[in-house]
Amino acid sequence: MPDSTFLDSTELVLNMGPQHPSTHGVLRVILKLDGEKVLGTECVIGYLHRGVEKIAENRTYAQFNPYVDRMDYVAAVSNGLGYCLAIEKLLNVEAPPRAQAVRVILTELNRIASHLLWLGTHALDIGAITPVFYCLREREEALKIFEKYCGARLTTHAFRIGGLLYETYDGFEQEVRTFCDMFLPKVDEYEELLTNNRIWVGRLKNVGILNADECKEYGVTGPVLRASGVKWDLRKAQPYSGYEKYDFEIPTRRNGDTYDRYMVRMEEMRQAVRIMRQAVDGLPEGAIMGKVGKVIKPAMGEAYVSIEAPKGELGYYVVSDNSTQPYRVRVRPPSFVNLQALDRMVRGGLVADVVAVIGTLDIVLGEIDR
Amino acid sequence: MRNLLKKIFLVDLFQGLWVTFRYQHPRNIYTEQYPAERPKVAERYRGAPRLNINPDNGETLCIACNLCALACPEALIVVGSERNEATRRKELTTFTYDTSRCMFCGLCEDACPVDALELTQDFELATYTREGQIWDRQTLEEGPRPTPYKC
Ligand code: SF4
Ligand code: SF4
């Protein structure tokens, strides 16, 4: 960005947010503009800071579990899985096979729910109003399964350390299968609405390009990384919760623009259905809770577990000091890291592209600010 | 050539419009007439708390063990108890539950050894006053009373 003085009258500093509807929460982006052109951006975060990591230090291991749902509230189940896996690693226990399979089904369902919300709001930001209604309609079906399974729709608190608390309800398998059958044609329908639509293509193609090297430099993960051609998915790279048993593909694209990220996420939803089908067909019988005592008191040590959340690599780093409360919990939220790339992606673009790029990064401010 | 024709005849736009058109049938339109038509929530739904009473003798099931209060991450349950000199058992006197701070995680419900505390399917927790959010033992046992309007 060329250094310029205040006398340079063509430059304009504009605040986008924190109340702007397309910033998906309370993100403030300071834009430096020259007419319509973006010269630089700066993100101001922290409006939703609740001190979750500090709260963890004052709660027992089991008590902190519901709080992680409130970070990425769109994908609460994935958050719960990451946290439970981290504590299980500390305790050196493993969830029984049935619990693992149910976990996989629910996290994949959550991935679909999260991507559906992303698709709906992203399209809405860009000006396509129809998809949001259809997306929320299908998301409702997914949320209904959550509600029936664990009693809450959004902040689910579905998993417990060591396994599951709730056994699946009657007809769970059937409902998941019905959802899978119902859902695949719907993805085609969204594609019919958007993929070839000239306005959609015009707004997304070659917008916010991030190539593979830049992605690695910024530490960007998830669909954003895969859209630039890097075949990296933690479910394959370091399988957890029995993902090695399932057969699925990692969708990748080459250009790394907003349109490719859209295509990657659409394909990911199809793959999620594929995983869910396999998991539900091979759902083993047996216990759902591992050998975990009533009072969770891990030995002194630390553990880091990262999982592939819908938005990217979600990591939990937990340090135990041999008491009932964690000494430190650090969360590596995917949105926080991905947001860094915003400046690189929109520099030189137009103001309207900023909206598209924020949408395509799929950020959730609850997770960024924690 | 084909692409050009597609472009001229706006095939992509009509394709999208056809999808929306397919959903125009009244069968595909949902409107829930909420207060008249109540949604059916799932059996396991975690909603308004209830302190169960024994249907046979009307006594509370709660044994005042305080486990729910200890399990709660928000520490919003306060159990008051008193030792009954005749039977030498702890008996419940007061029980307050602050629904305004509750996140309905269900940990208290899991902790209760006698299934006295339960999160029910009732999801209408709105009140007119802030104090109305704090439920005492009577409210928990009988369900919330309508709050009178304060002018
Ligand atoms: S549901 Fe959770 S937050 Fe609410 S009282 Fe029970 S344990 Fe506490
Ligand atoms: S855990 Fe159950 S029995 Fe014990 S005090 Fe709470 S409600 Fe009463």
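Figure 1. The shell around ligand 1 comprises eleven nonpolar residues, one polar residue and no charged residues (Ala, Val, Leu, Ile, Met, Phe, Trp, Tyr, Cys and Pro count as nonpolar; Asp, Glu, Lys and Arg as charged; the others, Gly among them, as polar). Residues of the shell, each with a heavy atom within 4 Å of the molecule, include B:C72, B:C102, B:C105 and B:C108, together with B:Y97, B:F104 and B:G106.

**Figure 2. Surroundings of ligand 2.** Ten nonpolar residues, one polar residue and no charged residues make up this shell. Among them are B:C62, B:C65, B:C68 and B:C112, as well as B:N66 and B:F95.

**Figure 3. Interface of chain A and chain B.** In this interface, 31 residues of chain A contact 26 residues of chain B (heavy atoms within 4.5 Å). A:Q63, A:E192 and A:R198 contribute 25% of the area that chain A buries against chain B, more than any other three residues (buried area is the accessible area, with a 1.4 Å probe, lost by two parts on being put together, summed over both).

**Figure 4. Salt bridge between the chains.** The rule identifies one salt bridge across the interface of chain A and chain B (a side-chain nitrogen of Lys or Arg within 4 Å of a carboxyl oxygen of Asp or Glu). The side chains of A:R160 and B:D110 form a salt bridge at 3.0 Å, N to O.

**Notes.** Residues are numbered from 1 along each chain as its sequence is written, with chains lettered from A and ligands numbered from 1 in the order in which they are written. In this predicted model, local features need pLDDT of at least 70, side-chain atom pairs count only at pLDDT 80 or more, and totals for chains, interfaces and linings use all residues, while side-chain values use heavy atoms, leaving out hydrogens and water.
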